[in-house]
Amino acid sequence: MSTDVQSAGRAADAARRALRAALGDRLRGPGPDRTESLAHDNTVLHAAPAVTPVGGALRVVRVPLPTAAVFEGFLDGIQRSAMIAYLDGVPLLHGTAAAVIRRRDAWGRMHTWAEPLIAHGGYVSRSVLGATLWAQVEGILGANGQSLHDTDTQDSPASRHPSALLRQGLDALSRVRNDLERDAGEAWCLVHGDRPLYVDGSLRTSASMLRSAGVVGVVKSHATLYVPDADVPRVLSLGAGERTSLIAVMDADGGSRYLTWYLRLRSAAGRDPFFGLIRVEIGAGGRDAGDAEARADAASSALLAERAPLAKPDGRWDVMPYAIRDCEVYLRAVA
């Protein structure tokens, strides 16, 4: 992991030059970079997790109007990727992952909280590349201050197809980004306890963030729907300022891992049914249903307060607060 300000482009170029100098003809040029299109083309709709509506049937709840901005910190991460080359036909991906918390002061100005977490490195299948070439590439990247990540997992497909191996690399890079985001959020909880923190993404991998009464996770995409098919129309017909009642996401033992609900930030009249729709997560925390619903109301009201100023020109402005756009602009400047 690196906390320097080397850009993703410079890091990828440095890795490519060092590998070309050491490996010569074994290195093949990557051709047109297609990593980002591959990431989008392979989006899949995930099956719903085990969920249970809290208090019976799913209901629609009108959220109290916000009175003031609540969140003090905003956590977001980014990832960038580029093909370096093919090593004996095996794709070597370069990836940069970064995460940061930006803190808002009493005058609404944004400041960086702690140092951003930045990781530059290569991503390749160790089993397909082979131990000898892996060790050589690892040494070359290490001399340039970058790490080499094995993209193999227990669920990796048994395929040498370059596209399948490239997909593995993108998935591994996403895991590194998620790890950095979790590390940043847990550092906030250690220092600030229950101070309000907006997390762009799921909290499910962090016990510390799920324990904090001040941390709220916001999921902007909906490849996974956390309701049965019969309740999908109710979710998609939410009006601006309305949320669903709580949904408990269950663990393997039948206990509640965390609580989630859907919230409509802006009217979707005449638009895509997902316009302005977010899914919110908080820890279960052993609360009874009434206390949990009260916290969901308070968190939803705080999220409605973040609708202005708009996060334009970002295309996700309908579900993204300006402070999260600020995090992304900052990270793209330093990483």
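User: Before we look at any residue, what does contact mean here, and which residues does F74 touch?

Analyst: Contact means heavy atoms within 4.5 Å. This is a predicted model, in which local features need pLDDT of at least 70 and side-chain atom pairs count only at pLDDT 80 or more, while totals for chains, interfaces and linings use all residues. Residues are numbered from 1 along each chain as its sequence is written, and side-chain values use heavy atoms, with hydrogens and water left out. Leaving aside residues up to four places away in sequence, F74 touches V100, I101, R102, R104, M110, L197, Y198, E306, A323, I324 and C327.

User: How should I read a nonpolar core, and how many residues has the largest one?

Analyst: In soluble globular proteins, nonpolar side chains tend to be buried together. A nonpolar core is a set of buried Ala, Val, Leu, Ile, Met, Phe, Trp, Tyr and Cys residues joined through side-chain atoms within 4.5 Å, where buried means under 20% relative accessible area, exposed over 50% and partly exposed in between, with a 1.4 Å probe and protein chains only. The largest core here has 41 residues, and F74 is among those with the most contacts inside it, together with V216, L259, W261, L263, I278 and L303. Elements that each supply at least two residues of this core include β4 (73-87), β12 (256-264), α8 and α9; helices (H or I, at least four residues) and strands (E, at least two) are DSSP runs, numbered from the N terminus. Another core, of 37 residues, lies apart from it and includes L93, L166, L203 and Y226.

User: How many salt bridges does the structure hold, and what counts as one?

Analyst: Side chains of opposite charge can pair when their charged atoms come close. A salt bridge is a side-chain nitrogen of Lys or Arg within 4 Å of a carboxyl oxygen of Asp or Glu, and the structure holds 18 of them. In one of these, D326 pairs with R102, with the closest N and O atoms 2.7 Å apart. This pair links distant parts of the chain, since D326 lies in helix α9 (residues 322-334) and R102 in strand β5 (residues 90-104), 224 residues apart. D326, at 16% relative accessibility, is buried, and R102 is buried too, at 10%.
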